Amino acid sequence: MALRKAIMNYTVRKFDAVIVGAGGAGLRAAIQLSEAGYKTAVLTKVFPTRSHTVAAQGGVAASLGNSEEDHWHWHMYDTVKGSDWLGDQDAIEFMCRKANEVVVELEHYGMPFDRLDNGKIYQRPFGGHMSNFGEKPVRRSCAAADRTGHAMLHAMYQRNVKVNTQFFVEWQALDLVRDAEGDVMGVTAMDMETGEIVVFHAKATIFATGGAGRIYYSSTNAFINTGDGVGMAARAGIPLEDMEFWQFHPTGVAGAGVLITEGVRGEGGILRNSAGERFMERYAPNAKDLASRDVVSRAMTTEINEGRGCGPNEDFVLLDITHLPPETIMKRLPGIHEIGIQFAGVDCLKEPLPVVPTCHYQMGGIPTNYSGQVVVPRGGNHSEPVLGFYAAGECACASVHGANRLGTNSLLDLLVFGKSAGETAVNDLKNSVKAHKPLAQDAIDRSLARVDRLNHQKDGADVHETRLAMQRTMQKHAGVFRFKDMLAEGVKRIDEIAGQVAQTQIKDKSKVFNTARIEALELDNLIEVAKATIVSANARTESRGAHVRDDATDTPETPDGRDDRNWLKHTLWYREGNRLDYKPVQMKPMSVDTIELKKRAY
Amino acid sequence: MDEVRKARINRLKWHCRRALLELDLVFDRFWERYEDSLDAQGEAALESLLELEDHDLWALVSGREATDDSQLAAMIERLREVSPLANFE
């Protein structure tokens with residue numbers, strides 16, 4: 001491979017384990033390894049307590065039963081049902097059974113949970129969490145005021161400092177180092193401060209890089225959520241699982257993505273189309289604007305698609321609270337007024353807010369088992385572990401969320417599977433992986449060539465414009481409500497954009513904190529996620545959970561368009577050839593009976 | 001822009017990548033408007049604000065909380081004034 005000399009320079013650093021990402025999952029995995037005495041490096045783009053886990057406010061689910069009777073089996077039932085039966089029941093049982101343990105551990109790390117008068121952790125109810133197999137809501141969410149994610153990161157970061165985890169802050173991971181046998185021996189990464197490239201040579205590599213919500217134009221995700229680990233895995237030949245499933249929130253501020261809480265409609269907020277019509281009366285005559293998230297999102301999309309959207313591009317609807325007394329808004333909905341002013345340029349006391357269904361959470365990701373090992377089909381087995389490679393949190397697909405995630409299960413996911421991935425890596429280091437496997441030079445060269453191409457590209461595509469084109473295409477063609485022809489057209493369009501991504505050009509060639517270069521490298525990752533999403537969504541001709549298609553018909557055999565006979569299976573997307581494969585859903589739990597298929601109704 | 005200043009600004013810009021989308025959006029607009037005119041005093045104030053935790057920073061930017069420090073308060077004002085509403089008024 002002909003590489004220019006400047007980029008040929010790299011150094012190699014050896015660790016027992018390298019973890020990419022310092023959000024909840026990465027920090028939890030690191031504790032496990034460092035406590036066991038292994039030399040552990042954590043690479044992170046931003047300071048650990050600036051990870052997007054900070055934005056999680058709702059709490060973490062665990063059937064502690066502190067306020068009323070609860071049981072992990074009930075939690076498991078809710079999670080399987082919430083997943084629309086696409087979640088693997090062994091992984092779901094594992095997660096729900098482990099919940100109490102990881103929450104109590106977190107308490108010992110110093111997490112300031114809200115408490116009851118008797119000193120036990122206070123628990124509150126949350127959507128979809130029920131007692132006695134779906135009977136009535138149960139108090140299961142453990143929180144630390146409205147800063148649960150933030151408090152969690154702090155507690156775990158402090159613990160890591162105590163056990164000597166080595167942090168590499170402001171480092172951009174570039175590529176997985178995977179050899180011809182399919183084994184993983186580390187990552188290539190760039191120090192943002194100097195532009196220096198280092199190969200982190202490790203016996204265990206754990207990805208905890210979070211989701212890729214920035215593939216959509218309207219997203220509640222912070223700018224850092226560019227699916228770096230997911231893109232890296234795809235480039236290294238690892239398939240991506242169930243990427244057609246993205247959770248959308250009905251009311252994000254149009255053009256900005258900032259969430260407007262459901263509480264606004266709870267207080268009497270009304271959705272209106274361009275004619276000023278309260279259109280939810282047509283779609284949900286009883287619940288109207290308070291219908292469930294997916295029903296409201298689909299109705300909004302239909303209004304926009306049928307030409308009744310608002311604004312110069314007719315691409316949003318309005319959330320109207322101007323009929324509510326200003327004192328009610330200011331008292332009961334604090335923050336909404338400021339969000340309207342800051343991000344919509346609208347004083348919501350006088351004018352309605354522009355809103356659109358907005359991408360919130362990635363259910364799919366790098367395929368793993370409940371031990372946190374990355375698994376791929378090989379030799380007739382559809383879930384064979386990749387030696388030396390583990391993943392946890394939003395970047396991974398265990399799969400516990402299946403086609404739709406329940407609130408407060410995301411923080412639980414990152415604690416349980418972060419710990420599990422760390423624990424499995426510790427066991428592997430103790431028992432089977434004694435030495436570093438030699439580095440695969442061709443994988444390193446490919447990674448260097450990718451950076452080299454970017455540094456020297458001439459007459460290429462603009463990063464900002466190309467990213468925007470991808471985001472708009474994903475929003476229009478693979479948004480919350482999906483249409484056969486739009487999906488097919490979207491596949492072609494994203495493929496064209498992928499061609500431009502391969503030719504991106506940066507004007508700034510400097511080495512120190514070159515944000516233009518970082519953004520171009522992030523786009524390389526985002527486009528893999530976008531391709532996986534739209535190709536997988538185009539192929540899945542049913543509706544299930546968050547994947548809703550206009551052409552999936554509601555029949556007795558396919559209730560609400562869900563087609564278990566043909567589609568009760570996980571999608572696997574391979575980057576090479578944009579190819580799809582499938583694997584069965586694990587319907588057999590670890591110890592209890594299968595939670596049998598039925599229509600998902602609340 | 002000389003290389004030293006460029007490196008400093010680039011570092012500050014990266015530190016504006018936050019955990020909360022609200023702050024990302026505010027800083028995005030801030031840089032569009034102020035990249036060329038940010039002076040040393042402004043840089044220092046921004047640097048101090050970027051040391052804050054995201055929820056605390058957002059509480060200041062959204063006006064729910066205030067600071068006694070006049071330098072910081074001036075920077076918060078700038079962050080607030082780049083809101084779209086300011087353009088409408």
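Modeller: Accessible areas here come from the Shrake-Rupley method with a 1.4 Å probe, and in this predicted model chain A exposes about 22,000 Å², of which carbon and sulfur atoms supply 49%.

Biologist: How many of the residues of chain A count as buried?

Modeller: Buried means under 20% relative accessible area, and by that cut-off 63% of the 602 residues of chain A are buried.

Biologist: What radius of gyration does chain A have, and what would a compact globule have?

Modeller: A compact globule of 602 residues would have a radius of gyration near 25 Å, and because chain A has 23 Å, the two agree. Along the principal axes, the C-alpha atoms fill a box of roughly 65 × 60 × 50 Å, and the chain holds 17 helices and 22 strands.

Biologist: Which share of the contacts in chain A with a separation of 6 or more comes from residues 24 or more positions apart?

Modeller: Such pairs account for 74% of those contacts in chain A.

Biologist: Is helix α6 of chain A mostly covered or mostly uncovered?

Modeller: An α-helix has 3.6 residues a turn, so residues three or four places apart point the same way. In α6 of chain A, which spans residues 228–235, eight of the eight residues are buried, among them A:D228 and A:R235 as well as A:V230 and A:M232. After α6(A) comes A:G237, with a positive phi near 90 degrees.

Biologist: How far apart are the mean positions of the positive and negative charges?

Modeller: For the 70 positive and 76 negative charges of chain A, the mean positions lie 3 Å apart.

Key. Residues numbered from 1 in each chain as written. Chains lettered and ligands numbered in written order. Predicted model: local features only at pLDDT ≥ 70, side-chain atom pairs only at ≥ 80, totals over all residues. Heavy atoms only, no water. Helix = DSSP H or I, 4+ residues; strand = E, 2+ residues; numbered from the N terminus. Rg over C-alpha atoms; globule rule 2.2 N^0.38 Å. Buried < 20%, exposed > 50% of the residue type's maximum accessible area, 1.4 Å probe, protein only. Contact = heavy atoms within 4.5 Å. Lys, Arg positive; Asp, Glu negative; His and termini not counted. Charge placed at Lys NZ, Arg CZ, Asp CG, Glu CD.
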